[in-house]
Amino acid sequence: MPILQPIVNMAELLHQKGITDVLVSPGSRSAPLTLAVARHPALRVRVMADERAAGFVALGIAQQTGRPVAVICTSGSAVYNLAPAVVEAFFQQIPLLLLTADRPHEWLHQQDGQTIHQTGLFGHHVKRSYDLPADYTHADSRWFIERSVNEAIDLAQFSPAGPVHINVPLREPFYPTAGESFTAGPVRTIDTVRAEPGLPTESWHRLLQEWDRHERILIAVGQLPPNPALRHILAKVSEEFGVPVVGELISNLADNGLFITHTDTLLANLSESVAESLRPDLLITIGNSFLTRNLKTFFRRYPARHHWHIDPVLDRINDSFQSLTTRVQASPLAFFEKLFSDLDYQRFLQGDDDDESTTFLQTWQAADRRAAQLVFRSLRQPENTLTDWQATQHVLANLPEGSVLHLANSMPVRYANLCGLSEQQQIDVWANRGVSGIDGCLSTAVGAALATDKLVTLLIGDVAFFYDRNGLWSALVPPNLRIVLLNNDAGHIFRIIDGPGQQPELETYFETPHGYTARRTAEDAGVTYQICRTAAELTSLLPDFFQPGTQAKLLEIPTDKRVNQQQFETYRAALRQAD
């Protein structure tokens with residue numbers, strides 16, 4: 001087996017470097033790769049016919065496990081179908097290893113099928129792209145392949161994590177002969193030992209001195225994976241030193257009576273005096289992207305005098321609020337644990353109590369409570385019709401403790417952010433906010449459910465659901481998946497955002513009404529299907545809906561897009577009167 005042996009060795013190397021999960025989309029050119037992983041006893045291989053869905057399922061698995069997931073596909077246009085998941089993984093910093101079969105490069109432009117320029121196809125949206133040799137007989141070729149695979153797997157998971165591409169040209173024959181064994185030869189794993197960067201003493205003292213010079217300090221948290229230890233230390237810093245900790249639902253900061261979580265409502269339509277009372281002197285940011293425009297606009301319009309961004313990787317300057325003054329290379333958890341320890345000791349020695357900082361925190365907390373009350377009042381209207389927003393509130397309030405919530409893009413993630421969650425629920429929140437597309441939200445949740453024993457609930461709109469329903473095709477849908485489908489028969493967000501809603505072409509060219517229900521999709525996928533139209537029905541259905549079972553479940557909630565719009569406009573009117 002002179003041609004397949006290096007591919008068999010590659011599968012063994014995936015295993016030895018810690019990869020456990022592989023997604024395969026069937027194809028002929030990729031047969032050697034597929035057979036190598038399928039016949040490896042330690043690799044968990046799943047098949048997804050649609051490459052785009054396969055990429056997002058892999059993304060969902062990698063989100064939950066924190067380990068690279070390998071994705072295998074055949075040559076040609078199939079490779080391009082991985083692109084949406086690749087760009088999401090890149091900006092969300094999720095480790096993926098893309099193994100794309102290819103024809104030998106001399107066959108380009110020779111009218112041979114499924115032959116395109118695959119080398120470097122993903123451009124800047126992968127951390128690195130490798131192109132393996134087409135001939136595996138020479139010892140140097142095997143050495144290069146082994147070295148490259150070692151490097152690629154390490155690179156995918158080194159911070160910042162992300163996708164890495166290995167292009168694999170393959171010559172015929174692709175298939176082993178009858179009875180031919182798949183036995184890996186000796187492979188060499190290359191381990192990498194990394195040291196955590198530490199701040200020089202002089203730099204740390206300078207940061208402490210700068211902290212001491214400011215009375216109004218605020219911590220803003222972007223999208224982050226669930227991290228109880230980080231939440232705990234942020235709460236201690238906030239409580240002990242009067243520092244507002246501002247975040248959104250995708251920050252995995254829930255309502256605990258201390259954190260500021262209703263920022264979208266709180267920071268809308270502020271008067272100049274109120275905005276100035278909330279402006280920090282020192283802003284400290286951690287995490288990735290922020291969800292809401294109101295939050296981003298506030299910190300750009302009312303910039304802090306000093307702005308630190310804490311990140312273990314300094315490969316790019318992240319200056320989203322256009323106010324950055326200092327980058328600190330450290331993990332947020334390690335940074336705040338050391339900061340709290342040193343500040344606590346310093347306060348003990350000095351015996352001071354900072355009333356100014358406490359007042360700043362109280363100002364933010366009072367505004368947050370008013371925002372929460374305004375949302376609560378908005379959710380009571382209209383009283384006789386179930387809206388997307390009201391349904392979201394019901395679902396979030398009834399989520400099983402300790403479960404996982406996936407939020408699809410467009411309006412579901414925004415409605416959920418407006419509602420918020422209680423910290424007592426202990427919900428892990430995920431959303432594809434790296435690029436914020438709707439194209440793989442369902443598939444990502446399927447991947448998450450495959451990777452955990454916890455209940456995984458996906459809140460998704462109709463356009464995102466039907467666009468990605470191939471995520472329910474070909475592979476067994478995990479029984480711990482719960483799908484809540486808000487079906488308003490439209491791209492409802494275009495009625496909400498400024499611009500499209502005022503255009504006569506709104507319904508035809510932006511909303512794309514379709515008239516579909518999910519009943520047949522659920523039946524085809526072997527998913528239990530239910531439908532409800534009223535708040536009373538929803539309240540009665542949810543307890544059983546969230547119970548464990550042998551099948552995944554889908555709950556479809558039809559709503560009227562015009563009533564949804566009316567409720568949101570009433571909310572906006574209340575915002576204009578509130579300040």
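Tutor: The loop between β15 (481-487) and α18 (493-496) holds D489. The model is a predicted one.

Student: What value of phi does D489 have?

Tutor: Most residues other than glycine have a negative phi, and most peptide bonds are trans. D489 is not a glycine, yet its phi is positive. The value is near 55°.

Student: Is D489 buried, partly exposed or exposed?

Tutor: Look at its relative accessibility, which is 29%. Buried needs under 20%, and exposed needs over 50%. D489 lies in between, so it counts as partly exposed.

Student: Where is N252 found, and what is its phi?

Tutor: N252 is in the loop between β8 (245-247) and α9 (263-266). N252 is not a glycine, but its phi is positive. That phi is about 60°.

Student: Is N252 buried or exposed?

Tutor: The relative accessible area of N252 is 6%. The limit for a buried residue is under 20%. N252 is therefore buried.

Student: Which residue takes a positive phi just after α5?

Tutor: Helix α5 covers residues 83-92. Step just past its end and read phi there, about 60°. The residue is Q93.

Student: Which residues of helix α5 are buried?

Tutor: An α-helix has 3.6 residues a turn, so residues three or four places apart point the same way. What covers the buried residues of α5 includes α3 (51-65), β4 (96-102), β6 and β13 (428-431). The buried residues are A85, V86, E88, A89, F90 and Q92.

Student: What kind of peptide bond runs from S159 to P160?

Tutor: P160 sits in the loop between α6 (139-157) and β6 (163-169). Omega of the bond is near -5°. The bond is cis.

Student: Where is P173, and what is omega for the bond from E172 to P173?

Tutor: The loop between β6 and α7 holds P173. The bond from E172 is cis. Its omega is near 5°.

Student: How many aromatic pairs does a search of the whole structure find?

Tutor: A pair of aromatic rings is described by the distance of the centres and the angle of the planes. To pair, the centres must lie within 6.5 Å. The search finds 20.

Student: What sort of pair do F174 and Y175 form?

Tutor: Their ring centres are 6.3 Å apart, and the planes meet at 70°. F174 is buried at 8% relative accessibility, while Y175 is partly exposed at 47%. Planes over 60 degrees apart count as edge-to-face. So the pair is edge-to-face.

Student: How many residues apart are W204 and F335?

Tutor: These two form an edge-to-face pair, 5.6 Å centre to centre with 80° between the planes. W204 is in helix α7 (residues 201-212) and F335 in helix α12 (residues 332-350), so the pair links distant parts of the chain. The separation is 131 residues.

Student: Are W204 and F335 buried or exposed?

Tutor: W204 has a relative accessible area of 5%. For F335 the value is 3%. Buried means under 20%, so W204 and F335 are buried.

Student: Over which rings do the charged ends of R39 and R147 sit?

Tutor: The charged end of R39 lies 4.5 Å from the centre of one ring, and that of R147 lies 4.6 Å from the centre of another. For R39 the ring is that of F182. For R147 the ring is that of W143.

Student: Which element gives the largest share of the lining of the second largest pocket?

Tutor: The pocket has a volume of about 880 Å³. Of the 27 residues in its lining, D264, R293, N294, D498 and R572 are the closest to its centre. Elements giving two or more residues are α11 (293-301), α15 (411-419), α18 and α22 (561-578). With six residues, the largest share comes from α11.

Student: How many residues in that lining are nonpolar, polar and charged?

Tutor: Sort the lining of the second largest pocket by class. The counts are 14 nonpolar, four polar and nine charged.

Notes: Residues numbered from 1 in each chain as written. Predicted model: local features only at pLDDT ≥ 70, side-chain atom pairs only at ≥ 80, totals over all residues. Heavy atoms only, no water. Phe/Tyr/Trp six-rings, centres within 6.5 Å; stacked < 30°, edge-to-face > 60°. Buried < 20%, exposed > 50% of the residue type's maximum accessible area, 1.4 Å probe, protein only. Helix = DSSP H or I, 4+ residues; strand = E, 2+ residues; numbered from the N terminus. Lys NZ or Arg CZ within 6 Å of the ring centre and 35° of its normal. 1 Å grid on protein atoms, 1.4 Å probe; cavity = no way out; pocket = protein on both sides within 12 Å on 5 of 7 lines; lining within 4 Å. Points joined across faces, edges and corners; volume = space filled by probe spheres on them. Nonpolar A, V, L, I, M, F, W, Y, C, P; charged D, E, K, R; others polar. Contact = heavy atoms within 4.5 Å.
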